[in-house]
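Please look over the sequence and the model below, then read on.

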Amino acid sequence: MPVTVARFNLVAPGATPAELAARYRAALEMAAYADDRGVTTVQTEEHHGAENNWLPSPFAFAGAVFGATRRIAVTVSAIIGPLHDPLRLAEEIAVLDLLSGGRLVTVAGIGYRPEEYDLFGVDFAQRGRLQDELLQTLLQAWTGEPFSYRGRTVRVTPRPYTDPHPLLLVGGSSKAAARRAARLGLPFFPSAHLPELEAYYKERLAEYGTEGWVMMPAAETPLLHVAEDPDRAWALYGRHFLHEARTYASWQSGGVRSAVRSGATTVEDLRAEGVYRILTPDACVALGLDSYVLHPLSGGMPVEEGWRSLQLFCERVLPGLAG
């Protein structure tokens, strides 16, 4: 059975606070529905200061999802590690791990938008050093034992539910990220299908004498929307996918590698490109992927259309994937 993911970043260009509140409630209801029907994972992410209301607080959202569900995992992919206070983050993740019974997965990246660092007064040039400190601090904090932190002895409580610690992966598309993960014995989450970086990570594991594994996107990892009439859905809703694609493109420099990177400038280009796909239930089953990422509220998608896509996926696609 493939991994199945419902992705939510709560983007809603121009939405009022009341409209955003309704959208957030809908996302939680969708998560509960997906949980009841056997979807594997809710995925969310972190961006700050975005004009289109991109979710800035993924752990608050994760906590709400855990309160509304019983089995589904929540993957935060990814947090911008250097923007977080290490001790506070250790506490936040520990509490969520306890609340959820170990259902939280955190991917820690360093981001790629200097303006996000400026917002919090964090030096973008120091992001590598800050990420090293963050990851090391998390691992020490979750032991529940005293340790040295910035010249003083500290102890973080409570200990997490998961032993030895909540699932923490190092994300990125650089050799520096792969080295960081290998040095700390943490799993590595490349941001795109990068076999050469996986090989480099495994070489570094051998060099450091540590153990780890790779969770890498497949060569083909489309973001999916399910509709009975894809042509009609593209005509009515393609602009929402294009909004997200253009937002990503405006943020990512030439050196950033991402599984959802798009160069499209029109809905027609986006459809031809295949990063975002609107498919019938049968066509969705026929993809034969190892993981299916449904994006029901992409780019300000109307909530009622998001529900149609999710319900078609759960009622018509999931049974087909189960064989």
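Which residues line the second largest pocket? In this predicted model, the lining consists of Ala12, Pro13, Gly14, Ala15, Glu19, Leu20, Ala22, Arg23, His240, Gly299, Gly300 and Val303. The volume of this second largest pocket is about 180 Å³. Helix α1 gives the most to the lining, with four residues. Rolling a probe the size of a water molecule over the atoms is a way to show where empty space is left.

**Nonpolar cores**

The largest nonpolar core has 69 residues, and Phe8 and Phe313 are those with the most contacts inside it. Helix α11, residues 303–321, supplies the largest share of this core, namely eight residues. Another core lies apart from it and has 21 residues, including Leu223, Ala245, Ala264 and Ile278. In soluble globular proteins, nonpolar side chains tend to be buried together.

Leaving out residues up to four places away in sequence, Phe313 touches Thr4, Val39, Val226, Cys284, Tyr292, Leu294 and Leu318.

**Helix α11 and Gln311**

Gln311 also has its place in helix α11. With a relative accessibility of 31%, Gln311 counts as partly exposed. Its contacts, apart from neighbours within four places in sequence, are Tyr33 and Arg316. Gln311 and Arg37 are 274 residues apart along the chain, yet their C-alpha atoms are separated by 9.7 Å.

**Salt bridges**

How many salt bridges does the structure hold? There are 17 salt bridges. Side chains of opposite charge can pair when their charged atoms come close. Three of these pairs are set out here.

| Pair | Closest N to O |
|---|---|
| Arg7 and Glu45 | 3.0 Å |
| Asp36 and Arg70 | 3.2 Å |

Arg7 forms a salt bridge with Glu45. Arg7 lies in strand β1 (residues 3–7) and Glu45 in the loop between β2 (41–44) and α2 (58–68), so this pair ties together parts that are 38 residues apart in sequence. Arg7 counts as buried, at 3% relative accessibility. Glu45 is also counted as buried, at 3% relative accessibility.

Asp36 is paired with Arg70 in a salt bridge. Because Asp36 lies in helix α1 (residues 17–36) and Arg70 in the loop between α2 and β3 (73–80), the pair ties together parts that are 34 residues apart in sequence. Asp36 is partly exposed, at 45% relative accessibility, and Arg70 is exposed, with a relative accessible area of 59%.

An α-helix has 3.6 residues a turn, so residues three or four places apart point the same way. Is Glu305 buried or exposed? Glu305 is buried, with a relative accessible area of 4%, while Arg308 counts as partly exposed at 39% relative accessibility. Salt bridges that share partners also join Arg7, Glu45 and Glu244 into one network.

**Helix α5**

The buried residues in α5 are Leu130, Gln131, Leu134, Leu135, Thr137, Leu138, Leu139 and Ala141. These buried residues pack against α3 (86–100), β4, β5 (147–149), β7 (167–172) and α6 (175–184).

**Two further buried residues**

Where is Arg113 found? Arg113 is in the loop between β4 (104–109) and α4 (114–120). At 5% relative accessibility, Arg113 is below the 20% cut-off and so counts as buried. Setting aside its neighbours within four places in sequence, Arg113 is in contact with His47, His48, Phe124 and Trp251.

Thr41 lies in strand β2. Its relative accessibility is 9%, so Thr41 counts as buried. Not counting residues up to four places away in sequence, Thr41 touches Thr4, Val5, Ala6, Ile72, Ala73 and Thr75.

Methods
Residues numbered from 1 in each chain as written. Predicted model: local features only at pLDDT ≥ 70, side-chain atom pairs only at ≥ 80, totals over all residues. Heavy atoms only, no water. Helix = DSSP H or I, 4+ residues; strand = E, 2+ residues; numbered from the N terminus. Buried < 20%, exposed > 50% of the residue type's maximum accessible area, 1.4 Å probe, protein only. Contact = heavy atoms within 4.5 Å. Core = buried A, V, L, I, M, F, W, Y, C linked by side-chain atoms within 4.5 Å. Salt bridge = Lys/Arg side-chain N within 4 Å of Asp/Glu carboxyl O. 1 Å grid on protein atoms, 1.4 Å probe; cavity = no way out; pocket = protein on both sides within 12 Å on 5 of 7 lines; lining within 4 Å. Points joined across faces, edges and corners; volume = space filled by probe spheres on them.
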